Amino acid sequence: MDHTQTADPTRRDFLFIATGAMGAVGAAASLWPLIEQMNPSADVLALASIEIDIASIQPGQSVTFTWRSHPLFVRRRTEAEIEAARAVPVGELLDPVARNANRPENAPATDENRLTPNVGGPQGAQAMRRGEWLVLVGVCTHLGCTPAASTPQVPEGQYGGWLCHCHGSQYDVAGRVRVGPAPRNLDVPPYQFLSDTRIRVG
Amino acid sequence: MNAKCLVFTVLFAAIVAVPACAQEAASASVPAGQGAAPRPVEVETLPPRSGNFFFESPFGTYDRASLQRGFQVYREVCSACHSLNYIAFRNLADEGGPGLTPEQVRALAAAYRVPAGPNEQGQTVDANGQTLMRSATPSDRFPPPFPNEQAARASNNGALPPDLSLIEKARVGGANYVYSILTGYGQQPPAGVTVGSGRFYNPYFRGVQISMPPPLNPDSVTYADGTMATVEQEARDVATFLAWAADPKMEERKRTGFVVIIFLLVFTSLLYFSYQRVWYGQH
Amino acid sequence: MSGPSTYQPKTAFTRWLDERLPIIRFTQEHLMAFPTPRNLNVWYSFGGILAFFLGLQIATGIVLAMHYTPDAARAFDSIEHIMRDVNSGWLIRYLHANGASMFFLAVYIHMFRGLYYGSYKAPRELLWILGVLIYALMILTAFLGYTLPWGQMSLWAATVITSLFSAVPGIGQPIVEWLRGGFGVDNPTLNRFFSLHYLLPFVLAGVVALHIWALHVPGNNNPLGIDVKSPRDTVPFHPYYTVKDLFYLSCFLILFSVFVFFAPDALSSPDNAERANPLVTPPEIVPEWYFLPYYAILRSIPNKLMGVIALFGALGVLFFVPWLDWSKVRSARFRPVYKQFFWLFVADCVILGYVGAHPVDATLLNTSIPLLWIGRIAALYYFAFFFPIMPLVGKHEKPNPLPDSIANSVLGSAPQRSETAP
């Protein structure tokens, strides 16, 4: 069977190109689940949002919960603390940006902007107007240690807020960084008031 | 040559199907009695009868309304004794399942109580020794009716009601098995079979004597969607629900399979033509 | 048969690389230009299919190990976590479980091919032995892997197989306890099985490399069983056999996909969907389908020690095949008597599998013929095929005349203007 390859080269190339392309698509599509599986699984994502009962927290008290595998600081501030936090000019802050997931990205770090506007119902709104509740992600913005919270008996740092013992960063009663080396204010997570005793974070 | 590929594929299927069917047949047609010990009166357990479930076919999906009814049957009848350990409340809102909304799931979960972690004093029980409880959230799993196996047996004459999350994968016949058991009560035992006390004759259950009293009666539940609640309907619906509980990814799996096999058929054809092109004149 | 390499590095970088680590030259020589007989048929594509499935099992296995917990209290739960919560976890698990079955299906076809075409005969004896070693490692790896989900069948299959070693006279029971790390199969057993299951596939991959190396010294056998005599007998591996192997691989993947997506639990035991319980034995302990023939052989011998010896002997006899066949002719195409015995052997393996799937006291369908006796006859033939059938048939059979060359057989004897290799 004597035969030379005189087939039209473009037709032959197209077949191989089409096959090769389809193979590449198939290979990529097969590879995708192997990569995607490392993303957080459904049970981890389900815990991305939690509800916390804050009824038993006293003024001046700071309680730590767990949210998305990190510490979550919930602090009920006294009137004095709120006033002190409001009195700080934004210009004096090391980080003038609010870092609040509930506010626009470039909002200035006033005390009001460190709280959430997401209130449910009049009671929630009342709690918010008083500015009592501070909810922060308890991860130091320097290298990720957990800062220690001030209590009336044991102050941590000079600003009545938090002191990170790893490298000495200090945060005030609105969770804003006042002494470095931390570069940013403590993050405020997305949260909302479901009632004046219950918040949903995330 | 494409015929060769077809023969090829069919041959594989045959070679593999023989042992697979043999295994299935082996597990299905087993005489009653204990394991390898000498058996007195041999009564054949009946193989499950087919419930003609649509979801068992290659293109089948779960009937969403049936899933919801079946969930109602589980909640109102079965959950008194049977746990559903691998199902979380949030799964009821997942795609391919009963299709509850997130709000319905939240409300449903909140109606259940689950053990709370240690309180601020580090206690896990209250002053009376009762475990501290909290309302469940969607990320929690269904709480079991009994805290452990011993308590379950104590409440059920020594018999252990199995967890139902995987029951349809763990029994030959799957949904048909559950359906057969639930509709298999009420028959006369054949001569020579004495039903022990605390047991009931059910020819579809291994050993034909089951410890579970007939769980379903007409109108055991009042269906939210108004469907008439015959025993057959209830059995069908709960068998469908438990099929989903054992295999929640079934619809996604078949959808993906459809796409994959179409892709492979096209790709195989392209490869076949490439093969012929490369080998032209060389055979 | 690899001649001097024709690879010429074209760029400065490739010249630099070639002087230090000739990996491109190696690839060109062994995966592209390698002269391969031009008459290989579909049965010769299973080596490539096996290599693909080894890669698939390793990839899916490593991914599964990211989510699996090898602790007796949590293993079963972690599998359900993979099936329900891990992104595409169900897919990866089903690929791995059904991939193992496909791996064995392919290896059995690959081995039967070798027995039919005489691929084990000189000078490829070591190639065959390495292959049997790979098969033994596959068996071990699959057994270890099946324990990991910690279902009822996982526990009880592990119990049965580890207790086989109690048949060893004298030191049997201490060996069993050493294997298990305890008195019964429990957490220590699971942990070490996980470690070994992760390790062995890489050992296997190493032996596969040796297997391919041993193949490339003499080159491939072919369906005619006659040696390559001239370059006309061969074609370069690429593109001829790359495209052909890819085609058959794609066909095989269709079958694989039917299982993975439409019958993912068809090949596994329902009992394994129940958590392991050392206090309750399943009514029938059945291994996976690819072990059924060995199971039948084990159970066909009433004496425990002899049964165990027969079990390991059924695998062990394969190592000696190159010296058991006394025929001067390789391929069964030209051996009309051997061919009949071969096909009978294939049927025998299927029969043994059928027997192994049923309880010991079962009878054939609706008759009263005990499967045990069918199994005994089948087991007898299994061993008889290797000895004395192979040597005697090999020695006394009159083979059909062999063709004079591969090329003439394929292309005809007229001189060819053959396709130049790309």
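Me: How many helices and strands does chain A have?
Reply: This is a predicted model, where local features need pLDDT of at least 70, side-chain atom pairs count only at pLDDT 80 or more, and totals for chains, interfaces and linings use all residues. Residues are numbered from 1 along each chain as its sequence is written, while chains are lettered from A and ligands numbered from 1 in the order in which they are written. Helices (H or I, at least four residues) and strands (E, at least two) are DSSP runs, numbered from the N terminus. Going by that, chain A has four helices and 10 strands.

Me: What share of chain A counts as buried?
Reply: A residue is buried if 20 or more other C-beta atoms, placed from the backbone, lie within 10 Å of its own, exposed if 12 or fewer, and partly exposed in between. Chain A has 202 residues, and the share that counts as buried is 31%.

Me: How far apart are the centres of the two domains of chain A?
Reply: The bounds come from an automatic or database domain assignment. For chain A, that gives domain 1 (8–39) and domain 2 (44–201). Taken over C-alpha atoms, their centres are separated by 50 Å.

Me: And what separates the domain centres in chain B?
Reply: Here domain 1 is made of two stretches, 40–87 + 144–269, and domain 2 covers 100–141. Between their centres, again over C-alpha atoms, there are 28 Å.

Me: Which strands stand at the edges of the open three-stranded sheet in chain A?
Reply: Two strands pair if DSSP finds at least two bridges between them. The order in this sheet is β1-β10-β9, with antiparallel pairing. Each edge strand has a single partner, so one side of it is left without a neighbour in the sheet; these strands are β1 (50–53) and β9 (191–195) of chain A.

Me: Which residue in β10(A) is the bridge partner of Ile52(A)?
Reply: β1(A) and β10 (residues 198–201) of chain A pair in the antiparallel sense over four bridges. Within β10(A), the partner of Ile52(A) is Ile199(A).

Me: Which helix gives the most to the side of chain C that touches chain B?
Reply: Two residues are in contact if their C-beta atoms, placed from the backbone, lie within 7 Å. This contact takes 43 residues from chain C and 44 from chain B. On the chain C side, the elements giving two or more residues are α4 (75–84), α5 (89–117), α10 (237–262) and α14 (336–357). With 14 residues, the one that gives the most is α10(C).

Me: Where does the largest share of the chain A side that touches chain B come from?
Reply: In this contact, 14 residues of chain A meet 13 residues of chain B. Eight residues on the chain A side, the largest share, come from helix α1 (residues 9–36) of chain A.

Me: How many of the nine residues of α11(C) are buried?
Reply: Helix α11 of chain C spans residues 292–300 and is mostly covered. Its buried residues include Tyr294(C), Ile297(C) and Arg299(C). The number buried is nine of nine.
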